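Colleague: I would like to learn how to read charged pairs and nonpolar cores in a protein model. Could you take me through them slowly?

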Amino acid sequence: MLKRLSIKSKIVTIVLFSISMLTCLNLLKLYYDFDKNLSFTKEQLATQVTQTFQLAVQQQLDDLSMAVQTLTVNQEMVKLFAKRKRQALFDLLQDYYDRHLKPEYDIAQFQFHLPPATSFLRLHQPKEFGDDLSAFRHTVVLANQQQKPIVGLEVGRAGPGTRVVFPIAYQGTHVGSVELGVGIHKILKNLHDTFGTQYAIGIKQSVFQEAKRFENLPTDITVGDTIFYEFSAPVVTTLIKQYTSDRDEYTIEDNLHITFPIPLIDFQGQPVGYVLGINNLQHSVDDLHQTLVSSLVSSLGVILVTLSLLFYYIKATFRPLEEAIAVANQIAYGEMNIGIDKLLKDPVEQTPDGVATYQPHRQQDEISGLYSAFRQMVERLQAALREIEHANVGLEKKVRQRTEVLELLNAELEKERAKAEEANQVKSEFVANVSHELRTPLNGILGMTELLLETSLQPEQKQHLQVIYDSGKTLLVLINDLLDVSKIEAGKVELEAIPFDLTKTVNDVMQLLSVKAREKDLPLILQSATEVPKWVIGDGNRLRQILLNLVSNALKFTDRGSVTLQIQLEQLKNQHAHLYFAVKDTGIGIAKEKLGKLFGKFNQVDASTSRKYGGTGLGLFISRQLVELMGGTIGVEAQVNQGCTFWFRLTLPVSQPGLNASRPNLMSLPSITPKVVRVLLVEDNRTNQLVAKIMLNKLGCQISIANHGQEAVEMSASQEYDLILMDLQMPVLDGYAATQQIRQRLPDKQLPIIAMTADTLTDRFERCLEAGMNDFLTKPVTQASLSQMLEKWFPRPEASQESKA
C-alpha cells in the first residue's frame, strides 16, 4: 500500500506512526515511574523511620549505661546500699535524681534491688518497696545471678521500655543491683514530629501475661497473637480494626495510609512485639498524580507543536522541488527561456573575464540559494580583509588593554592569596578545636577506665576494662597521627634546633618498645657504631617519633626472627654528622610492585594486611614528612616473606654535652611540701571533673571545683590554694583570661597554675606561658601524669635530698 503513495505522503505516514508509538511508550513510562516513585517513597520512609527508631533506642541505652556507670563509682552510695540504709540512700540520691537524671535522661524508673529481685528502694516511688519482682523482671534476676550488666528492652506491666541493670559489689561481695529505665514514648513522639508517623504499640499476648500487665483496657485491640494497647491518634484505631499483616496500604477517609512494622527486640534478642508505623501518603500521591497529569499535558503539547512544525517544513521543503519539477517539465517540452527566466534574473554585474553575477529570483529555491551563498562568501571575504587592516592599526591599543587586564588579574591573585592565608588560619583553628573536642571525652573514658582498673574487680571485669583502656589508647594514637597530618599539611610543624643526647633518645625508644617485643618473644637488637656522636643538634622529639613509628611497624609485622635497629656514621665533615638509620625485620615483607604505596596517606599494602594487623597507614606518611622537613631522605628495601629494611639519612650538627637551648623554660617556683595540697580544679565538663577529683583524692589532695573561669577567679580571691588546674576552653571566661585576672592579683606567681589542654599545637603552649601559667598537662590526663606534676611542683623531702645528692 505504501508503494502507491508519494514520497511526501510516505514521510507523513511514517512520522505519524512513530509519534503515536512514542506517545504510547511515554504514557507507559510515566505510569511505570508513578508506580516506582510511590513504591520508593514507601520503602524509603519505612527504612528511615525504622533506622531512626533503632538508633534512638540504642542511644537511649548508651545514655542509661553511662549514667549507671557514673553512679556505681560513687563509693558512698555503694556503702549505704550495702549497709541497707534506705533513708540515707534516698537522701543521698534524691536531689541527683530530681535535678539531673530525670530532666536530662527522662528517667522513668530508678530502683535498687536485693538479690535475686526484691525491690529495696524506688527513687521514683520511694514509698513502695519490698515487693518481689522475680516473676516478671528477668533483667533484674539475670543481673544479680550473673553479676554482670544487663542492657536492653524489656516489657513491663506498663509496656515496653529500655532498661539498664548493673550489679553492685561492696568490698568484693555482690550486694544487689541498681536499675535505670525509660519508656519509648519520647522516641515515638520524635518520630511523629520528624516524619509525621502515627503509631500503635503491639505486644505479644504471652509477653504481656508474663509481664503481669494491669487489666486489659477497653481500647485494646487483638490482632492474631498481638495486643495493640496504645494508639497515637483516632485514625490509628480505625486502621488497626481492619489491619492484616499481608497488607501495607489502607484508605481511610479518602486518604492513603501505609503501614510498616518496627520490631521490638528484648534484651535477650527475642521479638516481643512491634511498633506499627503509619504514615499518610495522600499528599505524596496527589503530588505524583499532578506530576503525571502535567507530564501528559506537556507531552501532548510537544506532540502538537512537533506535528505543526513538521507539516510546515515538509511543505516548505517540497515546494522548490515541485517548482523545479514543473520547470523541468516545461524545458522537456522545449520552453527553455521560460524555465531560465523563472530561475534567474538578468546579470547585475560582469567581471573583466566575462563571468556574470546573477541576483537570486526566489530565496527558497535551491539554485537561487546556491548563487546567494557565493555572493555572501565574496562579501565576507572582503569584510575579512577590511577587518585585518583595522586590526593592524589597532594592535597597540589591544596590547595596552591586555596589559590592563593582566594588572587586574594580578590584583585578583593577591586577593586570593590573602584568602588562602586566612583559610589556612581557619584550618589551624579547626585542628585546635578537633583536638579539644576529641581529647576531652577521651580524657573521661581513659581516666574512668584507669580508675576502675585500680579497684577490686573480677578477672572477667578487669579483662573487659583492659580491652576498653587499650582501645582508648589506640584511639589516642590515631588522633595524634591525624593531628600530626593536619599540622604537617597546614605548615604548623616547627622543628627545634637544640642539643640533645642521641644515645639517650635511641635507648628510650628501645626501652619503650621492649615490652611489646617481649610479648611476641622477639629479640629487639640495637647495633650502634662506636663513632656515632653522642650529642647532636636537632629535634630529638621528632627523631624519637620517627624511630618509634618504624620500630613499632617492624614489631607489628614480625612473628618470628628478630628486629634490629642499626645506626652508622657515614661521614663527619665540618662538624656535621651524616647519619644512617636502618630498621631491619624478618617479617612478612612486601612485594616490590606495592612499595610505591607505602609512604602515602592512609595507604596499606593491601586490605588483608589492614584487617589482620590494624593501623591507618599514617605512620610512614608522617615519618617521611618529618625526615624531609629535617632535610633527610627515607626509603625501603623489601621482598615477600624476606622481611623489610626501612632506612633514612639525616645530617645533624655535632654538639657538646650540657649545651641545652630548648624553647623557653616553664616558670618555676620554690619547692614547698605541704602535708595536703589544696587544689582548685577549673573544668566545665562534669565527667572530667569526676575523673580528676577521684584521681586527686587518691593522691591525697584536697580539691575544690570551679565550673568556669569566672568562678575560678572568685574562688581564688576568697580562699587560698596551693595549685590551680586550669582548663583552657570554657564558657563565661576561658582559661587564658581567668589566668590573666588571677595574675593581676598575684603578680609574684607564687601560686602555680597548670594548664590542662586537649590541644597539642606548639603555639598554644606558648600562649599558656604568655597568659601567666607555669606548666601544662595534655589531655587525656592519667593518674601517672597527675602524680608526676604534683611531684614536680611539690617534691617530697626525700626526693629533694636525692636530687641534691
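This is a predicted model: local features need pLDDT of at least 70, side-chain atom pairs count only at pLDDT 80 or more; totals for chains, interfaces and linings use all residues.

Colleague: Are the two partners, Asp248 and Lys42, buried or exposed?

Modeller: The general idea is to look at relative accessible area, where under 20% means buried and over 50% means exposed, with partly exposed in between. Lys42 has 15% relative accessibility and therefore counts as buried, whereas Asp248, at 36%, is partly exposed.

Colleague: Which residue forms a salt bridge with Lys520, and where in the chain do the two lie?

Modeller: Lys520 pairs with Asp559, and their closest N and O atoms are 3.5 Å apart. Because Lys520 is in the loop between α13 (502–519) and β15 (524–528) and Asp559 is in the loop between α14 (540–556) and β17 (563–573), the pair ties together parts that are 39 residues apart in sequence. Lys520 is partly exposed, at 26% relative accessibility, and Asp559 is also partly exposed, at 45%.

Colleague: What can be said about Lys779 and Glu683?

Modeller: Their side chains meet in a salt bridge of 3.1 Å, N to O, and both Lys779 and Glu683 are buried. Salt bridges can also be linked in a network, as they are for Arg137, Glu154, Arg163 and Glu179.

Colleague: Now for the cores: which residues touch the most other members of the largest nonpolar core?

Modeller: The general idea is a set of buried nonpolar residues joined through their side-chain atoms. The largest such core has 55 residues, and Phe53, Leu89, Phe110, Phe112 and Leu180 touch the most other members. Its largest share, ten residues, comes from α1. Leaving aside neighbours within four places in sequence, Phe112 is in contact with residues including Met77, Phe81, Leu89, Ile168 and Val178. Another core, of 41 residues, lies apart from the largest one, and among its members are Val551, Leu579, Phe646 and Phe648.

Conventions: Residues are numbered from 1 along each chain as its sequence is written. Side-chain values use heavy atoms; hydrogens and water are left out. Buried means under 20% relative accessible area, exposed over 50%, partly exposed in between (1.4 Å probe, protein chains only). A salt bridge is a side-chain nitrogen of Lys or Arg within 4 Å of a carboxyl oxygen of Asp or Glu. Helices (H or I, at least four residues) and strands (E, at least two) are DSSP runs, numbered from the N terminus. A nonpolar core is a set of buried Ala, Val, Leu, Ile, Met, Phe, Trp, Tyr and Cys residues joined through side-chain atoms within 4.5 Å. Contact means heavy atoms within 4.5 Å.
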